Amino acid sequence: MAQETSTQTAQLDRIANGKGFIAALDQSGGSTPKALALYGVTEDAYGNDDEMFGEIQKMRARIITAPDFNSDKILGAILFEKTMDAAIDGTPVPAYLWNNCGVVPFLKVDKGLADEADDAQTMKPMPDLDALLSRAVKAGIFGTKMRSVIKGANATGIKNVVGQQFIVGRQIAAAGLLPIIEPEVDINSATKAEAEALLKDAILAELNALPADTKVALKLTIPTEAGLYDDLAAHANVVRVVALSGGYTTDDACEKLAKNSTMIASFSRALTEGLNVAMSDDDYNAALGSNIDKIYRASI
């Protein structure tokens with residue numbers, strides 16, 4: 001990372017050494033309707049994309065302002081671009097997270113997935129990435145996240161995914177931000193375990209080629225073989241290895257994560273499981289608090 005301020009130093013220490021997990025609040029245009037439907041907001045509640053993002057922002061604000069959404073159990077939160085630009089109680093969301101909650105703000109920067117090739121989906125081109133990174137730095141964002149998907153144990157597809165992730169990761173690190181590199185392995189893949197073994201080797205090769213001062217975090221599907229990614233977590237260039245829930249239920253994801261002592265959670269759907277727009281504040285906060293506690297216990 002570039003020259004660190006005292007805030008960045010504190011945030012880096014929190015992400016590298018803190019007890020807790022990273023909340024993923026970064027549903028994008030493609031996944032927002034499904035996330036809203038699970039939350040009880042159907043498509044007839046909004047007429048266009050702006051209104052849709054307005055509804056998801058209300059959902060995110062309710063999560064972030066809940067009593068249990070604080071630094072006791074949550075280290076960081078990943079935001080969608082429109083959430084970075086939004087405010088809660090008049091305070092920009094990144095500043096609100098850090099100053100009010102003690103939670104480190106991250107930003108999802110990818111623009112979605114390219115078409116499948118070689119059993120994998122790389123990221124769509126990001127021609128405006130430098131401008132977005134500049135805005136993120138000014139907004140007080142600490143790091144970024146970008147997602148690719150691996151569907152099977154295809155060495156070519158996995159190499160393409162990991163190679164692209166690290167090329168973009170270097171660009172992000174050069175801007176002074178911590179990149180979270182996320183090559184997701186589909187939990188429904190018939191060759192999930194084999195794909196994960198290939199993925200680990202591809203990531204290690206890229207890590208070993210990084211300059212000593214270039215730091216990354218990794219966001220990976222919880223592996224079929226418990227402890228598979230311990231070597232990655234111990235690598236000098238890796239700040240933290242976090243796990244995505246990948247479609248598992250909260251209980252399943254937490255049970256599997258607990259078997260991987262060097263990984264912490266970065267869950268999205270599992271974090272919001274059971275929440276509904278119509279809940280009373282007491283019921284809502286109790287349900288969210290229960291999810292936060294389960295995910296925290298699986299992460300420590």
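Which helix holds both Arg297 and Asp293, and how many residues apart are they? Both residues lie in helix H12, which covers residues 281-299, and they are four residues apart, about one turn of the helix.

## The pair within helix H12

This is a predicted model, and in it the side chains of Arg297 and Asp293 meet in a salt bridge, with a distance of 2.8 Å from N to O.

## A network of shared partners

Salt bridges that share partners join Glu81, Asp85, Lys111 and Arg135 into one network. Within this group, Asp85 forms a salt bridge with Arg135, and the closest N and O atoms of the two residues are 2.6 Å apart. Asp85 lies in the loop between helix H4 (81-84) and strand E3 (87-88), whereas Arg135 belongs to helix H6 (residues 129-139), so the pair ties together parts that are 50 residues apart in sequence. Arg135 is partly exposed, its relative accessible area being 35%.

## A link between helices H8 and H9

Another salt bridge is formed by the side chains of Lys200 and Asp231, at 3.2 Å from N to O. Because Lys200 lies in helix H8 (residues 192-208) and Asp231 in helix H9 (residues 230-233), this pair ties together parts that are 31 residues apart in sequence.

The two partners fall into separate accessibility classes: Lys200, at 15% relative accessibility, counts as buried, while Asp231, with a relative accessible area of 46%, is partly exposed. The value for Lys200 is under the 20% cut-off, and the residue is therefore classed as buried.

## Salt bridges and cysteines in the whole structure

How many salt bridges does a search of the whole structure find? The search finds 17 salt bridges, among them the pair Asp85 and Arg135, the pair Lys200 and Asp231, and the pair Arg297 and Asp293. As a general point, side chains of opposite charge can pair when their charged atoms come close.

A search of the whole structure for disulfides, by contrast, finds zero. As for individual cysteines, Cys101 counts as buried at 7% relative accessibility, and Cys254 likewise counts as buried, at 9%.

Definitions and conventions
Residues numbered from 1 in each chain as written. Predicted model: local features only at pLDDT ≥ 70, side-chain atom pairs only at ≥ 80, totals over all residues. Heavy atoms only, no water. Disulfide = S-S within 2.5 Å. Buried < 20%, exposed > 50% of the residue type's maximum accessible area, 1.4 Å probe, protein only. Salt bridge = Lys/Arg side-chain N within 4 Å of Asp/Glu carboxyl O. Helix = DSSP H or I, 4+ residues; strand = E, 2+ residues; numbered from the N terminus.
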